[in-house]
Amino acid sequence: MWSDLPLWPDQASTSAAQVDALYLFLIGLTIFLTALICGLVTFFAVRYRRRGPGDPVPEAIEGNTRLEILWTVIPFCIVMGLFVWSAALYVHLSRPPDGAMQVNVVGKRWMWKLQHLNGRREINELHVPAGSAVELTLTSEDVIHSFYVPAFRVKADVVPGRYTSMWFRATRPGTYHLFCAEYCGTKHSGMGGSVIVMEPAAFQAWLGGDTGESLVEAGTRLFGELGCATCHVDAAADSPSRGPKLAGLWGSEVTLHGGGTVTADEAYVRESILDPTAKITEGYPGVMPTFRGLMNEEQMLQLIAYVKSRGVAESAPPARKEAAQ
Ligand code: CUA
């Protein structure tokens with residue numbers, strides 16, 4: 001079997017074989033076309049060479065409609081096939097399945113800081129159960145990093161000020177390399193670690209120990225400490241409050257002052273905390289101060305977890321409902 005050749009890293013996720021199959025096809029196609037063209041060039045050069053000074057110079061051929069249609073239609077079908085195949089794979093890789101286990105990842109020169117929903121933290125190590133879908137929400141504290149696990153065939157840029165998501169389903173227990181795949185400074189090459197895939201029962205035991213504050217608990221605490229509750233009170237629906245209520249906010253369409261709507265997701269909540277006047281909710285004064293510089297990326301993710309926990313809108317897509325738990 002070709003996957004036994006030591007040319008590929010371990011295939012340790014459900015997507016690995018699919019990615020490899022596409023690559024193998026591309027490599028095969030490249031080898032075939034290279035051999036065909038080089039072979040024909042050589043063959044024609046020998047077969048139709050001019051053998052002596054007395055040989056007549058042949059007449060130029062003006063064209064052959066059948067040949068030209070053939071060499072246009074065949075490559076067109078091949079590249080369109082490749083396009084459909086790779087686009088379908090890309091969509092599959094970029095849409096986490098419903099109910100995926102959530103892990104937050106913050107890249108920071110030069111380490112990976114990870115936190116599970118129940119609060120368990122890790123540095124340069126990620127423990128996951130075999131057989132379950134895991135969705136990572138990634139961001140960076142400083143520069144662009146790239147989260148790369150070759151055995152799972154997943155790689156994504158981790159960009160400051162933005163949330164990237166990535167998912168995989170590990171297939172068998174083991175320890176797999178984790179790399180930073182974007183040059184990020186002096187110790188870039190050392191910014192790596194391991195993904196440790198465990199049997200589900202062993203993983204539950206590992207996750208249960210030494211958790212501390214859960215993400216939502218930490219977010220709730222920050223919400224109080226930063227004074228957010230002063231304005232974002234969820235009192236009776238008709239009582240006035242200075243800021244929009246958070247109950248049922250997550251995943252809903254927010255109508256903005258001056259027209260337009262925005263979906264209340266990670267990027268929107270983050271922007272509203274750092275740059276409150278960028279998108280003001282219809283009917284509220286733009287009086288919120290910025291919280292830029294008052295929290296790090298991990299705390300931001302905790303606050304977002306808290307906002308999620310305050311309630312998911314009815315119209316939210318199913319994936320977001322799972323994420324709120
Ligand atoms: Cu982080 Cu390279």
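Start with helix H1, where the buried residues are Ala16, Val19, Asp20, Leu22 and Leu29. Bear in mind that this is a predicted model. Part of what covers those buried residues is helix H2, residues 65–94. H1 itself runs from residue 16 to residue 47, which makes 32 residues. From its first C-alpha to its last it reaches 46 Å, close to the 46 Å expected at 1.5 Å a residue. As for the spacing of side chains on a helix, an α-helix has 3.6 residues a turn, so residues three or four places apart point the same way. With that in mind, look again at Ala16, Val19 and Asp20, which are among the buried residues of H1.

Now zoom out to the whole chain. Its secondary structure comes to 7 helices and 12 strands. The radius of gyration is 27 Å, well over the 20 Å that the globule rule gives for 325 residues, so the chain is more spread out than a compact globule. You can see this in the C-alpha trace too, which spans about 100 × 50 × 40 Å along its principal axes. Of the 325 residues, 37% count as buried. If you take the contacts with a separation of 6 or more, 64% of them are between residues 24 or more positions apart.

Glutamate 217 is partly exposed, at a relative accessible area of 46%. Pair it with glutamate 62, which is 155 residues away along the chain, and you find their C-alpha atoms separated by 78 Å.

Next, head for helix H5, residues 266–274. Of its 9 residues, 7 are buried, so H5 is largely enclosed by the rest of the structure. The buried ones are Glu266, Tyr268, Val269, Arg270, Ser272, Ile273 and Leu274. Which residues does isoleucine 304 touch, leaving aside its neighbours within four places in sequence? Its contacts are Tyr163, Trp250, Glu266, Val269 and Arg270. Isoleucine 304 belongs to helix H6 (residues 297–309), and it is buried, with a relative accessible area of 2%. Isoleucine 304 and tyrosine 268 are 36 residues apart in sequence, and their C-alpha atoms are 9.9 Å apart in space.

Most residues other than glycine have a negative phi, and most peptide bonds are trans. Against that background, check the bond joining arginine 109 and tryptophan 110: it is a cis peptide bond, with omega about 0°. Tryptophan 110 lies in the loop between strand E1 (101–108) and strand E2 (111–116).

Then there is phi. Asparagine 124 has a positive value, near 60°, and it lies in the loop between strand E3 (121–123) and strand E4 (125–129). Arginine 153 also has a positive phi near 60°, this time in the loop between strand E6 (145–149) and strand E7 (154–158). Is arginine 153 buried or exposed? Its relative accessible area is 14%, under the 20% cut-off, so arginine 153 counts as buried.

Key:
Residues are numbered from 1 along each chain as its sequence is written. This is a predicted model: local features need pLDDT of at least 70, side-chain atom pairs count only at pLDDT 80 or more; totals for chains, interfaces and linings use all residues. Side-chain values use heavy atoms; hydrogens and water are left out. Helices (H or I, at least four residues) and strands (E, at least two) are DSSP runs, numbered from the N terminus. The expected span of a helix is 1.5 Å times one less than its number of residues. Buried means under 20% relative accessible area, exposed over 50%, partly exposed in between (1.4 Å probe, protein chains only). Contact means heavy atoms within 4.5 Å. The radius of gyration is taken over C-alpha atoms; the globule rule is 2.2 Å times the number of residues to the power 0.38.
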